[in-house]
Amino acid sequence: MKKILVSLIILFLLTGFVSAADPVYQKSVLALYKSSEGQTKAENEIFFYLSRPLKEMGLKIIYWDIDRGLPGESVTKYSRAIISWFRGPSMRNPGDYLTFLDTMIEDGKKVIVIDNLGAYQDKATGEYMQPLRLNSTLARLGIMYHGDWTQDGSLLEITHKDSEMVEFQGEQIVKDSAFFYKFISSDREMDIWLSITRTDKDYAPSPVIVTNRNGGFALSRYIYRVEDGKVKLLLNMKKYLMQALFPLPVKQKIAILAESNNTKAQDVLGFTESVLRRAKIEYAVISTRDFRGMVPFDLNPFTAVGLILSSDNGLDSAILDQYLDNGGSIVSLIEGRFDKLAPFLGIKEERRDIRASTGYRIESGFFTGENVSIVDRTVQWDPGWGIPGDNAEILATDYSKRIPLLWKTKINNGNVLVWNWGNFVYGEFLGYILESFIFIQPIGVAATPALSIMYLDDWPLPMYNVVKNPITTTDTDFYTEVWWGEIKELLNSWKQPFTSYAIFNYNAMTKPPFETGEFFVAKGNAPTEIAYEHLDTGIELGLHGYNHVSPTLQKSSINAFVWSSKDEMEIGFTQAKNEWVRLLGDYSLPRTYVAPHNIISTDGIEVLHKVFPTIKSISTLRAGEGEGETHDFGPHPDFPEIYMMPRMTSGYIFTSEIKSGAVSGIVGPGLWSHFIHGDDVFDAHRSQGKSWDELKTEFSSMLGFVRKNYPWLRPMNAYDGYRAMEEFDDIGTDFKFSGDDLLVQTGAPGLIFRMRFEGKKIKSITGGTLLYTYKSMDAAVIQADSPEVRVEFR
């Protein structure tokens with residue numbers, strides 16, 4: 001018995017918790033019957049009891065006699081689900097049939113078993129299937145078969161029932177049903193509608209009518225009862241099919257409907273997937289090729305729907321109509337020209353012509369924060385053709401306030417949020433995308449690494465003992481007597497650690513022999529002394545390079561000088577390593593790297609990793625243009641031991657662009673990563689002609705804005721930030737709903753998540769700590785103290 005139990009546990013681990021593939025969207029279901037049991041295409045229980053509710057759901061039925069053999073791909077490819085209703089326990093080749101059901105589930109099709117599984121026994125040989133084989137299939141439906149059959153109704157009791165589901169036309173009377181098999185649950189997320197227990201046995205109740213993400217199972221004799229020659233359905237067939245095929249959401253999950261043949265749409269989809277993954281939000285992508293197979297209830301399982309569509313694109317408007325009628329939330333992420341979908345996007349009419357717009361104003365209330373608004377004068381964007389209806393709430397416009405950029409509309413029982421531009425093709429707006437989904441849902445929640453990371457780029461750097469405008473002292477004196485002390489003091493006052501990135505030369509040499517010496521020109525050997533100070537005081541020191549030539553073999557407008565070969569690039573990095581070891585010791589070799597000009601190619605990463613195996617994290621940019629310039633957060637696809645940590649913003653001046661980038665980074669990927677240069681004051685473009693005192697004041701305002709609106713961010717240097725990101729990536733999370741409560745299940749304590757919950761208030765938090773609650777909106781940030789956090793609202 002112990003061996004059998006161990007085998008069952010192993011089987012559950014291997015097969016019982018297998019998640020379903022992406023769902024199949026077809027307008028037919030495959031109905032299986034057995035002619036050997038007196039059933040025909042027009043005379044079978046599926047035809048009698050399921051055809052009407054299936055038709056009402058927009059589905060057709062393809063009937064198949066399983067006694068003819070297994071249906072081939074030419075039949076199954078047009079079906080989204082397999083439904084069986086067999087009367088008896090046997091068939092020919094039941095093992096092949098069970099494998100067929102396994103394959104269907106793995107292909108994303110639902111399997112619904114009503115009455116008898118029909119595959120317990122081989123009709124030809126009389127042999128019974130082994131429980132282990134049966135359970136490899138049944139476990140996918142959430143149950144495992146343990147036998148222990150009885151027909152003694154006096155031994156049976158109902159332990160749980162959902163009367164609306166299982167007492168449709170009559171009461172469940174176990175003494176009359178008098179039928180029991182022992183099943184155990186193998187799916188934590190399964191819905192149990194009826195469970196029975198044996199009073200003479202000491203084990204958990206047996207779930208006999210269930211549904212899960214792969215379909216459902218309903219045991220014989222609890223489905224209907226014959227009284228006075230008439231069939232009384234105990235199981236509410238329409239409700240049961242709806243739950244098995246189109247279950248309402250029990251956790252946060254987002255559907256993304258995206259054009260598959262549109263480059264812009266695919267770019268926006270890529271950024272959308274990236275930010276949802278980082279927020280640990282489950283999602284599914286439905287492409288235009290699936291639209292023709294969709295029916296009105298297909299969006300039921302989702303708490304929100306994102307549209308990346310520039311036109312109707314074959315999507316049946318009834319699908320959005322039904323979803324909104326159920327109280328759903330929709331976000332449209334790109335501008336377009338809509339016809340039948342227009343009413344469900346809050347569009348009342350079309351514009352006569354389209355002109356490019358400049359700048360934008362996003363009012364307070366959209367972004368998480370204390371009355372955070374963003375006004376930009378320069379961003380160019382093209383609006384769509386739609387004009388929002390009179391009942392739309394305009395949340396953003398162009399700078400002139402004439403063209404709506406973002407509006408929210410209540411339609412049916414749901415809410416719609418529409419972005420009237422195409423600028424989500426740029427990575428700097430990641431947070432705008434995620435915030436849209438958090439904003440529009442009744443309860444929107446996102447995991448966040450919650451970090452603020454500061455980079456001092458090109459520091460320490462060569463100093464030349466020369467006077468450069470606008471500073472009246474030498475560059476060496478400015479760096480050592482003014483900038484370095486004041487920037488440390490400013491960052492320390494905000495409790496913000498930082499990482500400096502040393503660079504040894506600014507020559508453009510890419511061929512050996514490589515000269516050195518620029519680093520040692522300064523009075524008092526200042527760069528070296530500053531590097532020593534870093535090591536002595538525990539300030540992290542990273543690498544910026546031997547010189548300021550990007551590690552790439554390809555020229556660009558930004559990168560005029562390039563390496564001619566990987567070998568010469570390796571010699572350059574080796575020169576930097578030798579210089580580092582000679583000056584600072586090999587114990588202090590850098591752990592993080594910032595690419596010059598924010599450009600590094602795959603070749604460059606390969607060579608850097610070879611020469612500096614101590615480097616675990618590389619920073620470039622998350623958004624921008626040019627070869628090798630943009631990377632997502634996370635392990636590099638070709639070098640998984642290297643973690644890419646793109647930076648979101650830079651500079652001292654708190655412009656609208658910097659404000660947007662900071663907010664977008666914090667409410668999107670979940671961090672503010674910012675870099676500054678000591679020599680910005682000497683650059684007329686980067687300083688915009690401001691003095692150092694003015695730049696310092698602007699930078700202080702920037703830090704103050706971040707701390708005021710996002711006090712829950714954890715200040716770190718670059719290496720600690722990379723480690724925190726790795727830890728965050730490893731944590732599994734589910735955001736579930738239990739009545740009016742939010743249930744956050746996480747793989748490890750310490751996870752931080754933020755929520756928006758318009759019109760609600762937090763009543764209690766169990767298993768977590770409230771880090772911050774916003775005064776100007778219904779939003780909060782919580783840290784998990786245990787694997788399960790429950791947030792109760794009122």
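Axes are lines fitted to C-alpha atoms, for helices over the stretch in contact, and angles run from 0 to 180 degrees between N-to-C directions. Helices (H or I, at least four residues) and strands (E, at least two) are DSSP runs, numbered from the N terminus. The model is predicted: local features require pLDDT of at least 70 and side-chain atom pairs count only at pLDDT 80 or more, while totals for chains, interfaces and linings use all residues. Residues are numbered from 1 along each chain as its sequence is written, and side-chain values use heavy atoms, with hydrogens and water left out.

**Packing of H2 and H8**

- Helix H2 (residues 45–56) packs against helix H8 (residues 237–245) at an angle of about 55°, the axes being 9 Å apart.
- H2 is therefore oblique to H8, given that angles under 35 degrees count as roughly parallel, over 145 as roughly antiparallel, 65 to 115 as roughly perpendicular and the rest as oblique.
- The crossing of H2 and H8 is right-handed; a crossing is right-handed if the near helix is turned clockwise from the far one by less than a right angle, and left-handed if anticlockwise.
- Tyr49, Leu50, Pro53, Leu54 and Glu56 of H2 are in contact (heavy atoms within 4.5 Å) with Met237, Lys238, Leu241 and Leu245 of H8.
- The residues of this contact comprise 7 nonpolar, no polar and 2 charged, where Ala, Val, Leu, Ile, Met, Phe, Trp, Tyr, Cys and Pro count as nonpolar, Asp, Glu, Lys and Arg as charged, and the others, Gly among them, as polar.

**Packing of H4 and H5**

- The axes of helix H4 (residues 94–106) and helix H5 (residues 131–138) come within 9 Å and cross at roughly 25°.
- H4 is therefore roughly parallel to H5.
- H4 and H5 cross in a left-handed sense.

**Sheet E37-E38-E43-E40**

- Four strands form an open sheet in the order E37-E38-E43-E40, with antiparallel pairing; two strands pair if DSSP finds at least two bridges between them.
- Its edge strands, E37 (733–738) and E40 (762–766), each pair on one side only.
- E40 is joined by 4 bridges to the antiparallel strand E43 (residues 788–793), and Ile765 has Val791 in E43 as its bridge partner.

- Ile308 lies in strand E17 (residues 304–308).
- Ile308 counts as buried because its relative accessibility is 0%; buried means under 20% relative accessible area, exposed over 50% and partly exposed in between (1.4 Å probe, protein chains only).
- The C-alpha atoms of Ile308 and Ala258 are 4.6 Å apart, although 50 residues separate the two along the chain.
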